[in-house]
Amino acid sequence: MVVVKNGQQHKPVLLAEVLEALSIIENGIYIDCTFGRGGHTRAMLEQLGDQGRLIAIDRDPEAIRTARVLESEDKRFSIEQGPFSILKEVADRHGVTGQVNGILFDLGVSSPQIDEAERGFSFMREGPLDMRMDPDQGISAAEWLASAGEREMVEVFSKYGEERYAKRIARAITETREESPIETTTQLARLVIEVIPGQNKPGQKTIHPATKVFQAIRIFINRELDEIREALDQALEVLSPGGRLAVISFHSLEDRIVKRFMKKAASGDPFPANLPVPVSMLEPKLKVIGKMIRASEEEIAVNPRARSAVLRVAERVAA
Ligand SMILES: C[S@@+](CC[C@H](N)C(=O)[O-])C[C@H]1O[C@@H](n2cnc3c(N)ncnc32)[C@H](O)[C@@H]1O
């Protein structure tokens, strides 16, 4: 477990399973695309020998601050700040493209990002409506809500939040912002609660009404799904033959992308279905390893965040 500012903690999810999936080679080269607070990175470094290398990426300045300390203490480790869609660029710069033995993605936000009210990710904590993983890039959630058209909002809430009441919520936002801007997390959460019918029926197990809208805005303003698509494509070039790709997703939109990507890369170039082409000619780029892995009940009991985690693993096939 990693303890950070304000005593917040980030427990790495599916740690043993990730280490097994990556099957760390003593002096291998690894890339952790989502450093966070370095939970997975530290465990990987423990298994790496003196000549091993681990490069990590994160776009969050707080994550980078933690990583810089580790970088100064461990010469095998380097950190790069930026979106992980610069994966190939990072690998090129470090001269490791095509030689990397394992790449890890632990997608989404970290516990400290959620817990710090001023980052604006949580509807449970009063804070400015920001939600940028890198607050120096792009526009905040509040800026987007101030300027987005109603149709654009409906599309975002439906596509990235699968929110049934997308239209009602978008309409309420447009009407509210004519009176006063929506600038805080709790302001938006209250608006959603007022708009969505039939909340909090006694005995009914429900998620907070604002969950889906917050997820949708976060995914949209951080370009989360495009980032995953772009980085996964690059991982194929960065991995060495036999190199492992391990991806942890936290919701179905992410997992669907990962699952389809692995399936497609494992089935190779598309040929008309009726042609009798041997598998070797299809040139598959990946081999899927095992089935998707979920956290054990024991892990979920100590880390509820693990409940929705899904790990998928694949191996780069020799060209
Ligand atoms: C779930 S946390 C990772 C936690 C980490 N494995 C640990 O054990 O501490 C996800 C991290 O990935 C970062 N992240 C998410 N999407 C990113 C992207 N597209 N580019 C770069 N970093 C990203 C977030 O800023 C966050 O720090």
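I count two strands as paired if DSSP finds at least two bridges between them. Helices (H or I, at least four residues) and strands (E, at least two) are DSSP runs, numbered from the N terminus.

The model I am reading is predicted: local features need pLDDT of at least 70, side-chain atom pairs count only at pLDDT 80 or more, and totals for chains, interfaces and linings use all residues. Residue numbers start from 1 along each chain as its sequence is written.

**Sheet**

Ile293 sits opposite Leu311 of E9. E8 and strand E9 (residues 310–316) run antiparallel and are joined by six bridges. I then traced the whole sheet. It is open, with seven strands in the order E5-E4-E3-E6-E7-E9-E8 and mixed pairing. Strand E5 (77–81) and strand E8 (286–294) are the edges; each has a single partner strand, so one side of each lacks a neighbour in the sheet. From one strand to the next, the twist averages 15 degrees. For angles, axes are lines fitted to C-alpha atoms, for helices over the stretch in contact, and values run from 0 to 180 degrees between N-to-C directions.

Next I looked for a helix on the sheet. Helix H11 (residues 224–238) packs there and touches strand E3 (29–32), strand E6 (100–106), strand E7 (239–249) and E9. The direction of H11 makes about 155 degrees with that of E7. Contact here means C-beta atoms, placed from the backbone, within 7 Å.

**Helix pairs**

I sorted angles this way: under 35 degrees is roughly parallel, over 145 roughly antiparallel, 65 to 115 roughly perpendicular, and the rest oblique. For residue classes, Ala, Val, Leu, Ile, Met, Phe, Trp, Tyr, Cys and Pro are nonpolar, Asp, Glu, Lys and Arg charged, and the others, Gly among them, polar. A crossing is left-handed if the near helix is turned anticlockwise from the far one by less than a right angle, and right-handed if clockwise.

I checked H7 against two partners. Helix H7 (residues 150–161) packs with helix H8 (residues 166–179) at about 140 degrees, axes 8 Å apart. The pair is therefore oblique, and the crossing is right-handed. H7 brings Glu150, Met153, Val154, Phe157 and Ser158 to the contact, and residues from H8 include Ile169, Ala170 and Ile173. The tally for H7 with H8 is seven nonpolar, two polar and three charged.

With helix H10 (residues 211–221), H7 packs at about 100 degrees, again with axes 8 Å apart. That makes H7 roughly perpendicular to H10. Val156, Phe157, Tyr160 and Gly161 of H7 meet H10 residues including Val213, Ile217 and Phe220. I logged eight nonpolar, two polar and one charged for H7 with H10.

Then I turned to helix H1 (residues 15–22) and H2. Their axes come within 11 Å and cross at roughly 50 degrees. H1 and H2 are therefore oblique, and the crossing is right-handed. Leu15, Val18, Leu19 and Leu22 of H1 face Gly39, His40, Ala43, Met44 and Gln47 of H2 in this contact. I found six nonpolar, three polar and no charged residues.

**Ligand**

Which residues are closest to the ligand? They are Pro12, Thr34, Gly36, Gly39 and Asp60, out of 22 that surround it (C-beta, placed from the backbone, within 6 Å). Helix H2 (39–47) and strand E4 (53–58) each supply at least two residues of this shell. By class, the shell has eight nonpolar, eight polar and six charged residues.

How values were computed:
Two residues are in contact if their C-beta atoms, placed from the backbone, lie within 7 Å.
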